[in-house]
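Here is a briefing on the structure below.

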Amino acid sequence: MNPEKNIFVPESALEVAPDREPVTYLLKNAQAGDRAALDELLPLVYGELRRLAASHLARERADHTLQPTALVHEAYLRMVDQHSADWRNRAHFFGLAAEMMRRILVNHAVSRNAAKRGSGETHIALDEANSFSKARDVNLVRLDEALKRLADLDPEQARIVELRFFAGLSVEEAADVMEISDTTVKRKWRAAKAWLFSQIV
Amino acid sequence: MNTERWQEINRIFDAAVEIPTEERGAFLRVICGGDDGLRREVEAMLVADADAQSFLEESPLRAATDVPTLIGANDAMRRTLDVGDTVGRYRLVREVGRGGMGAVYLAERADGAFSQQVAIKVIQHGTPTEFILNRFRRERQILANLRHPNIVRLLDGGATRDDAPYLVMEYVEGQPIDIYCVTRDLSVRDRVELFRKVCGAVQFAHQNLVVHRDLKPSNILVTDDGTPKLLDFGIAKLLDPENPSSKSEMTAMRAMTPEYASPEQISGEAITTASDVYSLAVILYLLLTGRRPYRLKTGRLEELLLAISQGDPAPPSSATDGARSKILRGDLDTVLLTALRKEPQRRYASVEQFSEDLRRYLVGLPIQARTDTFFYRTGKFIRRNKIGATAGALLTLSVLAGTGATAWQARVARLERIRAEKRFNDVRKLARTVMFDYQDAIAALPGAMPARKRLVNDSLEYLDNLAREAASDPDLQLELAEAYNKVGDIQGKPYRFNLGDTKGALASYRKAKDLCEQLAKSNPGDAGVRRVLSISLENEANVLVRQRQTTPALVLLERARDIRKRLLEEAPGNTEYRRLSASIHLSLGDCVVYSGPGPGQPLDIYYRAEEILESLHRTLPSDAEVTRQLAQVYQRIGNFRRYAPQKDLIQSLEFHRRSLELREWLAVEHPESAQARRDVADELLMRSYALREASDLISAQADCERAVTMFETLTGADPTNIELQHDLAFAYAALSAACKDRNNLPSAIQASRRSVLILEKLVAADPTNVENERDLRTGRALLAEVLGDTPESLDLLRQVTASETPEPRFANGYQALAGKLERFAEKARGEERVRFLREARANYARLLTILEPEKDPSKIGELYKFAADGLARCDAALVR
């Protein structure tokens, strides 16, 4: 394209592309409690995480594992302007990303289950091949439902599960994001795990 | 299951996992009492806990190896569009641009009906979310409504076979306006004329209630024949008068281009047509000078943002030189600087006016912009007065904006008013956040007093202003009442960190009370009003009690108690009301204790508070405020049980133990809270009195020493905290008494001196504070006592008892002074001896005067006899 003769390229509707600047602004405003900014931000994060997950999975061989925490970090680096963002943005972003990862994975499980039911299968575990133990065999759909109930009882506890399990954050990282102590995260995580386990396994 | 239940389960579970498995059964039986449901819940979790070690520890992604379902069948199936494909009625000719989620193609009619080139924008990546579709629809809607020769036209839109949405637009071939001006080497005059066409298009959009918000040279293409075309209304905001709260209000501005963004865009404030005026001015500045208005050293984004929001733009004439500079100097400087003003309301009121001044310049008429006006001073005023004035000024402006406007301006005015109201509410929300959330957050922190003091002063000024404006808004008035209560707390809430401003606190609580009384007149049933009223009554009473004005305090407290009783009857079980009900009993108990011997039964009142609080504590075990109050009531019962007729030292020590346990737990749970540490130290002191009474002198002294150390640390971190100073003085006094009991007089004297010194400072700082003045007298009396028979102690006692008329509260002082004077007389000779004896006699006489009216032998018989005997002795000695 001739740089002198700029052909009309209206890009506005394409702004959902990972455009660093807006995401950083949105993040800051969402953090300041701007509901509209959050509404605008979520689909961006969701889209980018999904795209990354898909492209990673397409590249990965079966013997490779994909860590959600890597995805979340990568999404953060791609979407947020590192110069004008601070650690709060990062923490907030990770919080959002965890929520989005949960949606992505639960939707995935739902559609898989639907496909299996369609083919006459009744067992709806996520991945039988990986079911070494009862514990690892997580039914994401039921987990999601139980998590919703947990969120009604203690939103903080549900959030910890989201960050630890769906975004793959460590105890320390989750504590950072939530601005609470490591000990609190550990304590609440243990209780949440036990309760969720008793609810869905 | 509810939240409280879940908290209880968690607490028990947390404790149970810490103890050996075999002991858990017994533990649960004890802790759960008869609550089998509770026990079963926790047991189920403990069983799960043993099995759940690896549960949720492994990423769910790891197992999600089947790509197609993860990315969605649609996504995997969707192929990218290629040149030659048809979209709707168009065939793609070539790709002319590409973004992360899609592409723009040059296309032409596929049905050959007629030859027409168009631009097609398609979203290709992923399944479009509802959000993207909404955005697309919005852009379609905006463009469909805007038919203007200088605005690119929307021709069509739809979805491809794969459900990808697309827009069909007029295809424009041209150059960005800045490049166009340079390559054609246009004169200043030509540039201004071209720019005015752009203004026409923007003005047209404004009349259709659309603000562009992202005006920049690359969005203004100029075709070969010199026609500018405005592009990219994608982030435009619809100024829909029917939908003032449109969600797009704050969102689109973040997609702005910083170089052309207005200050209000940078700061995230409301964006109006004035924002487009500003961006247009930046563009004209660039067209005329080749530069943008701000000279940057580093070119970094932060520097730019700072310049836009705070810097002063250089006059265009100074941004260039030679003949060009001369042309720009004067009118064009003024026009541009007017359009570039920081405050939107100080710019041109519309793009039309901006353009009109440019026309006037072109034809040689005087321009209408003035350098500085009334609005400038208003702006200064607003900056000076921050919150309060901003809210007020915004209201004023919105009213001004509504007068004498044309039809279009009237519409804008309405929007401005809506916006101004929104701003007002924002300011109010901010104020509320500052007053309540921030205050609460910093209240218990050490060293926060100076910040809180500033907050109080600023808030009071703001609140008093707001109170005048809020006369017709009951919600706001109630909020104000709450805010006054808060301010009062910081000024002087008893036993909480405060500024020691007793008078200020009383005034604030009374303002809150008056506001509530007004509100209650028009709406006597409103629970919120009654609740806040009862709080201001209780607060005012508690300050009065500390100042020993117990009679008026009792009236207030009884009223507050009745209000709360009714509130609780109306909503039984309401936790907040129960808490308030407990609190009022605590306050009443304190008031009765301080009012001295009388008909009231403080112990019964405290027990009532204890009952309520213990039940609350069972439901809300981790609620800090409930725990704090329960500890407080335990302490009060412990204190009261030291005295006859209900003296019971075992009970007293037991209640002090409970109080200390709770307070220590709070201090551990809230390590950041200086208030919690203060409460522990306070309890140590109170317990030391009971320990001394029970003759455990070693423990008593140890408690006092620990308390003194804690208070020294606390006051060191927070020197302006008056409540803590008072505490420290009290701690030294208690330590002194404990040392005296153990006959350690040097330590007792040292501690006593510290106590007196602090109290002297407090009294000097606020001579009207009755409590401090009383405590200083007590402190001096104590120092006199531990000093023994020294001249200094004599002087101290004289100070203590100095008052015009004899007062019952100084009885012990008269007694001590008279005895001491007699002993001094024994050692003295001649005239000196006579002076001592006369003074001793006078003090025995004072003692008799105050004892005379209530000559009840059971109560004062001994003291009365002591005084009478003393007087007789002095008379006999004087005769000799």
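Helices (H or I, at least four residues) and strands (E, at least two) are DSSP runs, numbered from the N terminus. By that definition, chain B has 35 helices and 11 strands. This is a predicted model, in which local features need pLDDT of at least 70 and side-chain atom pairs count only at pLDDT 80 or more, while totals for chains, interfaces and linings use all residues; side-chain values use heavy atoms, with hydrogens and water left out. Residues are numbered from 1 along each chain as its sequence is written, and chains are lettered from A and ligands numbered from 1 in the order in which they are written.

**Chain B overall**

- Chain B has 880 residues, and 52% of them count as buried (under 20% relative accessible area; exposed is over 50%, partly exposed in between; 1.4 Å probe, protein chains only).
- Take the contacts (heavy atoms within 4.5 Å) in chain B with a separation of 6 or more: 62% of them join residues 24 or more positions apart.

**Aromatic pairs**

- Rings of Phe, Tyr and Trp (its six-membered ring) pair if their centres lie within 6.5 Å; planes under 30 degrees apart count as stacked, over 60 as edge-to-face and the rest as tilted. The count over all chains is 10 aromatic pairs.
- A:Phe165 and A:Phe166 make an edge-to-face pair, at 4.9 Å centre to centre with 75 degrees between the planes. Both A:Phe165 and A:Phe166 are buried.
- B:Phe195 and B:Phe354 are edge-to-face because their planes stand at 70 degrees, with the ring centres 5.7 Å apart. This pair links distant parts of the chain: B:Phe195 lies in helix H9 (residues 188–207) of chain B and B:Phe354 in helix H15 (residues 351–363) of chain B, 159 residues apart.
- B:Phe195 and B:Phe354 are both buried. Together with B:Tyr348, they form one aromatic cluster.

**Charges over rings**

- A charge sits over a ring if NZ of Lys or CZ of Arg is within 6 Å of the ring centre and within 35 degrees of the ring normal.
- B:Arg546 places its charged end over the ring of B:Tyr495, 4.4 Å from the centre.

**Nonpolar cores**

- A nonpolar core is a set of buried Ala, Val, Leu, Ile, Met, Phe, Trp, Tyr and Cys residues joined through side-chain atoms within 4.5 Å.
- The largest core has 67 residues. Among those with the most contacts inside it are B:Leu685, B:Phe711 and B:Tyr732. Helix H29 (residues 722–741) of chain B gives the largest share of this core, nine residues.
- Beyond four places in sequence, B:Leu685 touches residues including B:Cys704, B:Phe711 and B:Phe730.
- A second, separate core has 66 residues, including A:Leu41, A:Ala91, A:Met100 and A:Ile104.

**B:Leu653**

- B:Leu653 is in helix H26 (residues 649–669) of chain B. It counts as partly exposed because its relative accessibility is 26%.
- Neighbours within four places aside, B:Leu653 contacts B:Arg687, B:Ala690, B:Leu691 and B:Ala694.

**Cysteines**

- Over all chains there are zero disulfides (pairs of cysteine sulfur atoms within 2.5 Å).
- B:Cys516 is buried, with a relative accessible area of 0%. B:Cys874 is buried, also at 0%.
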